[in-house]
Number of protein chains: 2
Amino acid sequence: MYEGALQSLVDELGRLPGVGPKSAQRIAFHLVAGEDADARRLAATIVRVRETVTTCTRCFSVAEQPLCRVCRDERRDHGLICVVEEARDVFAIERTRDFAGAYHVLGGALSPLDGVGPDELRVAELEARVAEGGVHEVILAMNTNGAGEATAAFLSRRLAGTGPRVTRLASGLPAGGDLDYADEVTLSRAFAGRREA
Amino acid sequence: MYEGALQSLVDELGRLPGVGPKSAQRIAFHLVAGEDADARRLAATIVRVRETVTTCTRCFSVAEQPLCRVCRDERRDHGLICVVEEARDVFAIERTRDFAGAYHVLGGALSPLDGVGPDELRVAELEARVAEGGVHEVILAMNTNGAGEATAAFLSRRLAGTGPRVTRLASGLPAGGDLDYADEVTLSRAFAGRREA
């Protein structure tokens, strides 16, 4: 459809998550026809990110130093570990400004059909952090789909009796949602997890 | 929210058209955590596009040679010029595979409040192409919003009496659309432009 380089750019952009063919074309034209400095700055930033961003040696979130910003922060409770699937989940939780503990990024969820077992995730590293002592609670904050549920159940068994309290995030109606728009599983869980009013 | 380079990347991505804050974060994490080669290839392609893609010296569409692919194609009717606002409109029309003429990219639409008058668009260049002779029809294919309509009306007056037939794209109900979803202006135009059945 397009000539050489422009077609390559449309193709590359179309491989990004959430970018469909129409968006890829629109972004490509913006990069071709917009300010030269803007396009080159984006390219340079992508390269810089690959060169400076690594994984935190303790929690495996993203970091630009051996320890990430959360792990370096002495005001946080490092005895409270929130286990998440991916690094981006850390930032979703950080945006609530409600959680003052530390994290542990598993790197995914158990998925035997895709060949993802405990050894493919950072389970041993989590167990090692717990074995070091000083951890009073581990919060399992997986996604609420099948793989996430299975991973949480697995970790719950693995951590049982190792010392810390092991908890899971509440499941129920999302805030601001209409009850009749909730799916059956969500509604069942909201009933099962009901509290005193 | 994020550390240095990652925050810069989220910011840069958020400036792209159609990329909101959530998408920018998702794409940034993809570029950070995905394959190194993929991310670097995207960066290199952006730079390559800026270095190789220019504007066609005749129609002002995108080109990697002095003339774009359409202007170089001798099987097309170069006496039939379709005038569009932006280069991306050329490719929208090319996708129909219905049009076998040439193009002229204005570079925008008249918008006096934004300081865009005829001198800011490639109007003189269009008049020069017509004055050269051999043009039998000019199709005005502006967007159907206020600025596009004003631009089409302006060009229609400017080209009157210069020789070629001057036409505009039909306006009416979009294909596959429900009549009761059409807005009033579209429906009015569909009535005004009605044809013998």
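In which loop of chain B is Phe60(B) found, and what can be said about its backbone, its burial and the cavity in the structure?

Reply: In this predicted model, Phe60(B) sits in the chain B loop that runs between strand 1 (54-55) and strand 2 (62-63). As background, most residues other than glycine have a negative phi. Phe60(B) has a relative accessibility of 16%, and because buried means under 20%, Phe60(B) counts as buried.

The corresponding position in chain A can be described in turn. Phe60(A) is found in the loop between strand 1 (54-55) and strand 2 (62-63) of chain A, its phi is near 70 degrees, again a positive value in a residue other than glycine, and at 16% relative accessibility Phe60(A) counts as buried.

Turning to the cavity, the structure holds 1 cavity of 30 Å³ or more, and the largest cavity contains about 40 Å³ of space. Its lining draws on both chains: Tyr2(A), Glu3(A) and Leu6(A) come from chain A, while Val53(B), Val62(B), Ala63(B), Glu64(B) and Phe91(B) come from chain B. Val62(B) and Ala63(B), which are among these lining residues, carry the numbers given for strand 2 (62-63) of chain B. Sorted by class, the lining of the largest cavity has 6 nonpolar and 2 charged residues, with no polar ones.

Notes: Residues numbered from 1 in each chain as written. Chains lettered and ligands numbered in written order. Predicted model: local features only at pLDDT ≥ 70, side-chain atom pairs only at ≥ 80, totals over all residues. Heavy atoms only, no water. Helix = DSSP H or I, 4+ residues; strand = E, 2+ residues; numbered from the N terminus. Buried < 20%, exposed > 50% of the residue type's maximum accessible area, 1.4 Å probe, protein only. 1 Å grid on protein atoms, 1.4 Å probe; cavity = no way out; pocket = protein on both sides within 12 Å on 5 of 7 lines; lining within 4 Å. Points joined across faces, edges and corners; volume = space filled by probe spheres on them. Nonpolar A, V, L, I, M, F, W, Y, C, P; charged D, E, K, R; others polar.
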